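Visitor: I'm new to reading protein structures. Could you walk me through one?

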Amino acid sequence: MTAMNQTNRALLDFIAHSPTAYHAADNLARRLAGEGYQELSEGEKWALERGKGYFVRRNLSTLVAFRVPLENPRGFQITAAHSDSPAFKLKHAADMAVDEHYTRLNVEKYGGMLCATWLDRPLSVAGKVVVRTAGGVESRLVDLDRDLLMIPNLAIHMDRTANEGKAYSIQKDMLPLLGDERAKGKLAALVAQAAGAEEEDILDADLFLYCRTPGTVWGAEEEYLSSPRLDDLQCAFCCVEGFLQGDHPRTMPVCAVFDNEEVGSGTKQGAASTVLSDVLQRVCRCLGMDGEDYLAALASSFMVSADNAHAAHPNRLDVADPTHHPHMNHGVVIKYSANQKYATDSVSGAIFRTICRRAGVEVQTFHNHSDTLGGSTLGNLSNSQVSLNTVDIGLAQLAMHSACEIAGAEDTQAMIAALAAFYSTLVEDKGQGKYALDSAR
């Protein structure tokens, strides 16, 4: 098996076992713990050892990992990705009896998905439940891990205009079928069983539908891969792998994977929260650095905001920018926006291009079509709390926010190589717009 195939198999295995943001953060935590990283609690004092690695979780869905250098860091090298993807979230007491012969589940949208792609596919349920215990309450992850639900399409005979454009009502068209009349109440029992608890002890829950379609590598030359949740678990996977592979003795490497990007990031665990600044400032205090030391370190710090980018669509080139539309299997994409939807500017773009060139990684450029305003990413949101040079990047993909997305089979390795090189570089602010790039490789 080639190194590329091994990497893609590891990626698809990670995604398959990460049906929700909670499971993604848990799997990343397990990966880090397997490499000797120690989990910290935000509710306890930290005693950090130089040369050791640590990570902290908030809400069980956001993770920030870091390594403490042997000397006080000159700056922080940070990557940021997100753990969540668009999905349907179960409402409380979700069972809905229909026509005395069906049991549906009541759901609402989480984020903006392509609704049609969720129809007629096997689905399941996963997430977090909060259980009553003798000492209080406890959060537990659950994954029912079986073909359990489906959202049935309406036959063409009953909707002759279905292929002429369709507006989907979430409340009418997108409610999943759990079973016949015998299924009423069964979901609560299945969730309790998965949580190892009695039904009456489950006090609350955050449960989501997820697509059961397995990831696969395909194409005439096996040049593409398809999977649910490539946006943004592909980048989250690459960030952690690059973090583990790269190092520079005078920087502190940091890897942040935030929740709730798909709904604006304005939560306690989102990129617009204080979670990143809280971690950085606590580490500095543990190392005996004062407030001015922290601000000076930020001046020689750099963030890579990693969230996938739109590839040129083979059937709809008209929706892309005419000169800057990236393609799959042609390396890392740097994203620009005059309206600052992306944090990249001429300085951060130039610095990251230099790092990629040194690593031998191909770089592409993305601009939105000038008549289309693109979505924002993690970079500017996190910069509202931690201000530093930031570049927005991603990997080119098709069918973003579909239940099953498409990416390039060669690009995962390219991203890991670029981020390993990034973590092995000190970007030092020399003043007057000058930056030195010291590589440990």
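**Starting with one tyrosine**

Guide: Happy to. This is a predicted model, and we can start with Y224, which counts as partly exposed because its relative accessibility is 25%. Buried would need under 20%, and exposed would need over 50%.

Visitor: Where is Y224 found?

Guide: Y224 is found in strand β12.

Visitor: And what does Y224 touch, not counting residues up to four places away in sequence?

Guide: Skipping those neighbours lets us look at what folding brings together. Y224 touches T216, V217 and W218, then M328 and N329, and also I406, A407 and A409. Take A407: it sits 183 residues from Y224 along the chain, yet the C-alpha atoms of the two are separated by 5.8 Å.

Visitor: How do I check the length of a helix?

Guide: Count its residues, work out the span to expect, then compare that with the distance between the ends. Helix α10, residues 411-423, has 13 residues, so at 1.5 Å a residue it should span 18 Å. Its end C-alpha atoms are 18 Å apart, which agrees.

Visitor: How many residues of α10 are buried?

Guide: 11 of the 13, so the helix is mostly covered. Among the buried ones are M415, I416, L419, F422 and Y423.

Visitor: Now the whole chain. How many helices and strands does it have?

Guide: The protein chain has 10 helices and 21 strands. Its radius of gyration is 22 Å, close to the 22 Å that the globule rule gives for 441 residues, so the chain is as compact as a globular protein of that length. Along its principal axes, the C-alpha trace spans about 70 × 60 × 45 Å.

Visitor: What about contacts across the sequence?

Guide: Look at contacts between residues at least 6 apart in sequence: 76% of these join residues at least 24 apart.

Visitor: Last one: how far apart are the mean positions of the positive and negative charges?

Guide: They are 3 Å apart, for 40 positive and 56 negative charges.

Notes: Residues are numbered from 1 along each chain as its sequence is written. This is a predicted model: local features need pLDDT of at least 70, side-chain atom pairs count only at pLDDT 80 or more; totals for chains, interfaces and linings use all residues. Side-chain values use heavy atoms; hydrogens and water are left out. Helices (H or I, at least four residues) and strands (E, at least two) are DSSP runs, numbered from the N terminus. The radius of gyration is taken over C-alpha atoms; the globule rule is 2.2 Å times the number of residues to the power 0.38. Contact means heavy atoms within 4.5 Å. Lys and Arg count as positive and Asp and Glu as negative; His and the chain ends are not counted. The place of a charge is taken as NZ of Lys, CZ of Arg, CG of Asp or CD of Glu. The expected span of a helix is 1.5 Å times one less than its number of residues. Buried means under 20% relative accessible area, exposed over 50%, partly exposed in between (1.4 Å probe, protein chains only).
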